[in-house]
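Hi everyone, thanks for coming. Today I'd like to walk you through a structure that may be new to you, so please have a look at it first.

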Amino acid sequence: MTSPTPPQAAARERAGEPGLATTVALYTLARLGLLAVLTVVLALIGVPWLVALLVALVVALPLSMVLFRGLRERLDRAIAASTARRSSERASLRAQLRGDVGPPPSPDTPAAPASPGVPAAPASPGAPAAPSASSTVASPPAAAGADGAEVPAGSDPVPSEGDGPTR
């Protein structure tokens, strides 16, 4: 889930916005470059290297806030987009785990019949017809609780002392 799906990447390329990793790398390189330039300038005017590096660290922070405002805003947008995408993915996953919505379609699932009201014909003339997907509902397997008894799907089993700390 860490890499964007092709439609997301294509939409981002059309918008002209680089991804979060690219933006973080660009902002980090810009700040390190500013630190290096300040260190070299201070060293060239006669300040010892270690002192020049320490002074450049202190000066580079507020200076980068002013000089790299556009990069920081782009980084903020990339973080917000990443957070929104992850939140929607998390909400979708939680809905799937609760059973509110079905899982996303996978390429392994067979295609639906052409007309929804007409069942598919059996494979051979003598074979019985398979039940349709709308008439058969598969229930998830029941889990075993702490005492070994079955717990209905969708409910949390009562934790025992051996399960570890609870939140």
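This is a predicted model: local features need pLDDT of at least 70, side-chain atom pairs count only at pLDDT 80 or more; totals for chains, interfaces and linings use all residues.

The mean pLDDT of the chain is 73, and 51% of the residues reach 70 or more.

Now for an annotation. An unreviewed UniProt entry places the feature "transmembrane region" at residues 20-43 and 49-68. How much helix does the model have over residues 20-43? That part of the chain is 100% helix, and its end C-alpha atoms are 34 Å apart. Residues 49-68 are 95% helix and 0% strand, with 25 Å between the end C-alpha atoms.

Let's see how helix H2 packs with H3. Their axes come within 8 Å and cross at roughly 135 degrees, so the two helices are oblique to each other. The crossing is right-handed. On the H2 side, the contact includes Arg 31, Leu 34, Leu 35 and Leu 38, and on the H3 side, Trp 49, Ala 52 and Leu 53 are among the residues taking part. By class, this contact has 17 nonpolar, 2 polar and 1 charged residues.

H2 has another partner, H4. Helix H2 spans residues 20-44 and H4 spans residues 69-98; they pack at about 155 degrees, with their axes 9 Å apart. These two are therefore roughly antiparallel, and their crossing is left-handed. Among the residues in contact are Leu 20, Thr 23 and Tyr 27 of H2, and Leu 71, Arg 72, Arg 74 and Ser 82 of H4. This contact divides into 9 nonpolar, 2 polar and 2 charged residues.

To recap, H2 is oblique to H3 and roughly antiparallel to H4.

Technical notes: Residues are numbered from 1 along each chain as its sequence is written. Side-chain values use heavy atoms; hydrogens and water are left out. pLDDT is the predictor's confidence in each residue, from 0 to 100. Axes are lines fitted to C-alpha atoms, for helices over the stretch in contact, and angles run from 0 to 180 degrees between N-to-C directions. Helices (H or I, at least four residues) and strands (E, at least two) are DSSP runs, numbered from the N terminus. Angles under 35 degrees count as roughly parallel, over 145 as roughly antiparallel, 65 to 115 as roughly perpendicular and the rest as oblique. A crossing is left-handed if the near helix is turned anticlockwise from the far one by less than a right angle, and right-handed if clockwise. Contact means heavy atoms within 4.5 Å. Ala, Val, Leu, Ile, Met, Phe, Trp, Tyr, Cys and Pro count as nonpolar, Asp, Glu, Lys and Arg as charged, and the others, Gly among them, as polar. UniProt positions are given in the numbering used here, feature names are shortened, and annotations may be inferred rather than shown by experiment.
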